[in-house]
Amino acid sequence: MINLPGMDGVAWRGFVYAIFILNFVFVCQLLLLPPLVSALGGKSGNAAELFERVSQSVKMKRYSEALDDLNAAIEADSTLSEAYWHRASILRQICRYEESEKNYKLLLLLNPRNSAAEKELSQLSQSRSALETALSLFETGGFAKALDYVDKVVLVFSPACAKAKLLKVKLLLATKDYSNAISESGYLLKEDENDLDALLLRGRAYYYLADHDVAMRHYQKGLRLDPEHGELKKAYFGLKNLLKKTRSAEDNVNKGKLRLAVEDFKGALSLDPNHLAHNVHLHLGLCKVLVKLGRGRDALISCTEALNIDADLIDALVQRGEAKLLTEDWEGAVDDLKSAAQRSPQDMNIREALMRAEKSLKLSKRRDWYKILGVSKTASVSEIKRAYKKLALQWHPDKNVDNREEAEAQFREIAAAYEVLGDEEKRTRYDRGEDIEDMGMGGGAGGFNPFGGGGQQYTFHFEGGFPGGFGGFNF
């Protein structure tokens, strides 16, 4: 040991101890003072400047920076009650409720009579409870009520709560409010352009508006940030498959491969039954193809599905009218086509279709002579004559003594049918839809009376003879 002149051992130990104390204080200053000086803007004790900087960070939504400053200040001075208050408030706003509650309670230990802190602690409790309730309602399908809790409670007391904002976007999607879902998710992306959840939800909103290009760009950006994101991958490939099926259906229609087009349309519709903005066009496309194929009943279903989604879709109304013509629902066809013509009075194609429907309705109300004779509309003259002879023999009144009145009525119908279909000119006019009943025939069915109501008299010559004096046809 080095002994200084004039100093004994006790004095020397005292000197060393003093040096140790001074070094300890110096080290403590080096360790503890810089955080406080930094937190206070480089001026020890300048709390006002610290809280001003914190307020600016909050206004700029730089909550992490604000919390870093407050954490440093509290670490330097654990009795700085206002720092606890600011930290508790920020944590409440970003819905880190447990940490926020802990800070409010520490503040109240330092300042037990702080009524403002007690009020904010109550607001925290309300916000946390409302968020839990909203999440529960979302899971059980109570979307409208959940949205009220988020808007009117959670985002009032916790306006920077990202979890609540994402939940709000999900609720807007669930209630089909896609435009507002786009707006709300847009605010999230302004705060963080790489927010994967916001990219996914915003892409879905565009998807359900059938803005598929924009939806695809959102999904692709998300997948560039995280190629293994499960929901983004599912949304991306789901949309890609839908567009592929839709294009295939349209291509097959253009190529005239209508049956293949039907299968493609059905396949596309099965991918997402909730995608109404796109499915309405798939249903319409399917209806058009089915009409071309003459499958009226199936077309009727598809067009009705399209109109259930969009009641103002004129093209679907026209195609449903065409489908009803195929199913011989003449009145229904006229109603649909008349409604379409009223909505689009300048469309001559619709007017032409309406005229066809009205003509078909009119024809449906006249006697069907082919049906009366039991022959097809393409029957030959000899087939018509054979059918007439058979029915005339069957319903001749002399052979139906017990039901003579009915037989006479049936016989009139049969004779009137043959009057038209047995004459080439009249049959041609009848097939064109012209009125045959004002062609100058006598009374009875169709104006024709084989029993001599003022018309030409005929003599029936059946094998074995039929007494009774009927004028009639000579076979």
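Start by selecting helix H11, residues 212-225, in this predicted model. The buried set in H11 consists of His 212, Val 214, Ala 215, Met 216, His 218, Tyr 219, Gly 222 and Leu 223. With its 14 residues, H11 reaches 20 Å from first C-alpha to last, close to the 20 Å expected at 1.5 Å a residue.

**Tyr 219 and the main core**

Beyond its neighbours within four places in sequence, Tyr 219 is in contact with Leu 200, Gly 203, Arg 204, Tyr 207, Leu 232, Ala 235, Tyr 236 and Leu 239. Now widen the view to the largest nonpolar core, which has 83 residues. Tyr 219 and Ile 90 are the residues with the most contacts inside this core. Helix H10, residues 196-208, gives the largest share of the core, eight residues. In soluble globular proteins, nonpolar side chains tend to be buried together.

There is also a second, separate core to highlight, with 20 residues. Among them are Ala 379, Ala 387, Ala 392 and Ala 416.

**Along H12**

Next, select Thr 246, which is found in helix H12, residues 230-254. Is Thr 246 buried or exposed? Its relative accessible area is 7%, so Thr 246 counts as buried. Not counting residues up to four places away in sequence, Thr 246 touches Ala 268, His 278 and Leu 282.

Move to helix H8, residues 162-174, and click on Leu 166. Leu 166 has 15% relative accessibility and is therefore buried. Which residues does Leu 166 contact, leaving aside its neighbours within four places in sequence? They are Leu 188, Asp 197, Ala 198 and Leu 201.

Val 150 is the next stop, in helix H7, residues 143-157. Val 150 has a relative accessible area of 0%, so this residue is buried. Leaving out residues up to four places away in sequence, Val 150 touches Ala 134, Leu 155, Ala 164, Leu 167, Lys 168 and Leu 171. From Val 150 to Leu 135, 15 residues apart in sequence, the C-alpha to C-alpha distance is 9.3 Å.

**Two helices with a buried side**

Look down the axis of helix H15, residues 296-309. Its 14 residues reach 20 Å from the first C-alpha to the last, close to the 20 Å expected at 1.5 Å a residue. Colour the buried residues of H15: Gly 296, Ala 299, Ser 302, Cys 303, Ala 306 and Leu 307. Why do they lie on the same side of H15? They do because they cover an arc of only 140° around the axis. An α-helix has 3.6 residues a turn, so residues three or four places apart point the same way. What covers the buried residues of H15 includes helix H14 (276-292) and helix H16 (314-326). On the face of H15 turned away from the buried side, find the exposed residues Arg 297, Ile 301 and Asn 308.

Repeat the exercise on helix H3, residues 63-76. In H3 the buried residues are Tyr 63, Ala 66, Leu 67, Asp 69, Leu 70, Ala 73 and Ile 74. They cover an arc of only 160° around the axis, which puts them on the same side of H3. Turn to the other side of H3 and Ser 64, Asp 68 and Glu 75 are exposed.

**Zooming out**

Show the chain in cartoon view: there are 22 helices and zero strands. Buried residues make up 41% of its 475 residues. Among contacts between residues at least 6 apart in sequence, 49% join residues at least 24 apart. Switch to a surface, and the chain exposes about 27,000 Å², with carbon and sulfur atoms supplying 51% of it.

Finally, colour by pLDDT. The mean for the chain is 86, and 82% of the residues reach 70 or more. Over residues 24-45 the pLDDT is below 50, and this stretch has 26 contacts in the model beyond near neighbours in sequence. Residues 452-475 also have pLDDT below 50, with 42 such contacts. Where pLDDT is low, the predicted coordinates should not be read in detail.

Conventions: Residues numbered from 1 in each chain as written. Predicted model: local features only at pLDDT ≥ 70, side-chain atom pairs only at ≥ 80, totals over all residues. Heavy atoms only, no water. Helix = DSSP H or I, 4+ residues; strand = E, 2+ residues; numbered from the N terminus. Expected span 1.5 Å × (residues − 1). Buried < 20%, exposed > 50% of the residue type's maximum accessible area, 1.4 Å probe, protein only. Arc of directions from axis to C-beta. Contact = heavy atoms within 4.5 Å. Core = buried A, V, L, I, M, F, W, Y, C linked by side-chain atoms within 4.5 Å. Areas by Shrake-Rupley, 256 points an atom, 1.4 Å probe, with all protein chains shown as cover. pLDDT = per-residue confidence, 0-100.
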